[in-house]
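Keep the 3D view open and follow along as we go.

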Amino acid sequence: MFYRPEDGHGLPHNPFNAIVTPRPIGWISTRGSDGSENLAPYSFFNAVAYVPPQVMFASTSAKPDRDGTKDSVANIRDTGVFCVNVVEYAARDVMNVTSGPWDKEVDEFAKAGIERVDCDTIACSRVVNAPANLECKLTQIVQLPGEANFAVFGEVIGVHMRDDCIVDGVFDVTTFQPLARLGYKDYTHVKDVFSLTRPGE
C-alpha cells in the first residue's frame, strides 16, 4: 500500500502514529503566570541532545480558551520553564485522566489525585512519585506547518531520579516499566531490555 497524506489513506483510522512507534510520553507539568497548575501527557516527545541535555515535545491541537494552542505551551510562553515527568506503567490511569480537554482553571494534579511538590531549580511543580523528573528552561518554541503545531525545546537544568530505580549505579527502566504510546488508543510498556555493542566499541 502507498498513499499521499494529502490524498487520504482510505483506512478506518489514520495509520501515521501507529507507524512511528513506540513513542515515549512526556508528562509535562507547567505553572501559569497566575499560579495555576497544569499537567498533561504528550507522546510527540524525546531527548534531542546530550551537552547540554535537551528535550522537546510537540503540541498539535488547540483549546478555545488558549489562543491557538493548549495550556502547556501557553504557560511555557509566559514563564519560560516546564518539567518533564516520566510515566511508569503503574501511573497509566492517572496519566490518562490528565489527558482530558479540561478548562485552563482545572488543576490536573488535584483532579487525578496526583501528589506534587515544587521543583528545585524552576518555578513549577513536579510529580512526586514519578521515576524521574527533568526540570527544564525553555530554549525555543518553533511553530511547525499546520494550524496549531508547536515544538517546544528546553534545556534540562535539574534531574530527579527515584532511588528504587537506580540499580548498581544504573537507571534501570525495568524497575518501573516506562509507558509508551502506540497508534490509535494503544499503549505499551517496557519490560524486556537487551544490549548491543556498536562496532569499534
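## A covered strand

Let's start with strand E3, which spans residues 37–42 and is mostly covered: six of its six residues are buried. Here, buried means under 20% relative accessible area, while exposed means over 50% and partly exposed lies in between (1.4 Å probe, protein chains only). Helices (H or I, at least four residues) and strands (E, at least two) are DSSP runs, numbered from the N terminus.

Which residues cover the two faces of E3? On one side sit Glu37, Leu39 and Pro41, and on the other Asn38, Ala40 and Tyr42, all of them buried.

## About the model

This is a predicted model, where local features need pLDDT of at least 70 and side-chain atom pairs count only at pLDDT 80 or more, while totals for chains, interfaces and linings use all residues. Residues are numbered from 1 along each chain as its sequence is written, and side-chain values use heavy atoms, with hydrogens and water left out.

## The hairpin partner

Now look at strand E2, residues 26–31, which runs antiparallel to E3 and is joined to it by six bridges. Two strands pair if DSSP finds at least two bridges between them.

Together, E2 and E3 make a hairpin with five residues between them. In the turn you can find glycine 35, whose phi is positive, at about 90°.

Arginine 31 belongs to strand E2. Is arginine 31 buried or exposed? With a relative accessible area of 17%, arginine 31 is buried.

The side chain of arginine 31 makes polar contacts with the side chains of glutamate 37, at 3.0 Å, and serine 125, at 3.1 Å. A polar contact is a pair of N or O atoms within 3.5 Å; within protein, one must be able to donate a hydrogen and the other to accept it, and residues adjacent in sequence count only if both atoms are side-chain atoms.

## Alanine 74 in a helix

Helix H2 (residues 71–79) holds alanine 74. Alanine 74 is buried, with a relative accessible area of 9%. Leaving out residues up to four places away in sequence, alanine 74 touches Arg66 and Thr69, where contact means heavy atoms within 4.5 Å.

The C-alpha atoms of alanine 74 and phenylalanine 153 are 14 Å apart, and these residues are separated by 79 residues along the chain.
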